[in-house]
Amino acid sequence: MAAPEQEKTATDTVEEALISEDAFAEDDEFLDDDDFFDDEGLIDEFGDTPEELVWDPLAPFNRAMFTLNDTLLIWVVKPVASGYRTVTPTIVRRGVANFFNNLKAPVRLISSLLQGKLKGAGSEVGRFVINTTVGVLGFGDPAGSWFHMEPSDEDLGQVLGAWGVGNGMYIVWPILGPSTLRDSASIPGYFYLNPVGYVEPTKLSLAITAYEQLNEASFSMDDYIALKASALDPYSFIRDLYIQSREKMVQE
């Protein structure tokens, strides 16, 4: 139930910050990270409150949406994703992930061009041509494995950030997950550039998107559960992780 590429859809960004370099590793394990200090202890020790990374005036609403999304993930997505992972070979699930990643080439291409990243734009064109032909409609990734051409990892939210637009306030959307006012403003552009959005009827387009997210969850759900279990306040931790990850992506 992650969002569209928030573009990347918000949850995707959080997950990318958590998962190792091999985004589709089957059995990633998180080391337990014992936390000896809580926020109150830090305040007593240093006399200052922790720096706020993003304006969060909608915190009560955001926490409610976080709880709703978390409940859906744990009680609906997790069982379905676990069953799907059990009956679907890893090579098939990875191929599906490659296919959808290849479809999003227009999003990354335009985002690279709008930031003047010509090398990244050229790489996207090359990847799309190679993977669509040699990679059989993108189910394979010969551009990455043979020619070491990696995705540019750009989106329209990063474009706005590179143009000097600030995060604005933090927002947690139902289903879509964590975002900011800036990233939310870029969502319509994402749908415009994503070929899946042009599939008719709309119900079929939504079904395809849901399947994409289910396939992605089959790889990343365990990481989310481990993250949540290790955090004293999962809402604040995921919020800060999302903001830090997005800022790093804008700066790169």
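Two residues are in contact when heavy atoms lie within 4.5 Å. Keep that in mind for what follows.

This is a predicted model, in which local features need pLDDT of at least 70, side-chain atom pairs count only at pLDDT 80 or more, and totals for chains, interfaces and linings use all residues. Residues are numbered from 1 along each chain as its sequence is written, and side-chain values use heavy atoms, with hydrogens and water left out.

Start with confidence. pLDDT is the predictor's confidence in each residue, from 0 to 100. The protein averages 85, and 80% of the residues score at least 70. Residues 17-49 stay under 50. So do residues 1-6. Where pLDDT is low, the predicted coordinates should not be read in detail.

Now look inside. A nonpolar core is a set of buried Ala, Val, Leu, Ile, Met, Phe, Trp, Tyr and Cys residues joined through side-chain atoms within 4.5 Å. Buried means under 20% relative accessible area, exposed over 50%, partly exposed in between (1.4 Å probe, protein chains only). The largest core has 18 residues, and Tyr170, Met221 and Tyr224 touch the most other members. Helix 3 (59-87), strand 1 (170-173), helix 11 and helix 12 (234-251) each supply at least two residues. Helices (H or I, at least four residues) and strands (E, at least two) are DSSP runs, numbered from the N terminus. Helix 3 gives the most, six residues.

Take methionine 221. Beyond four places in sequence, methionine 221 contacts Leu73, Val77 and Lys78. A second, separate core has five residues, including Val107 and Leu156.

Finally, find serine 218 in helix 11 (residues 202-230). Is serine 218 buried or exposed? Serine 218 counts as buried because its relative accessibility is 2%.
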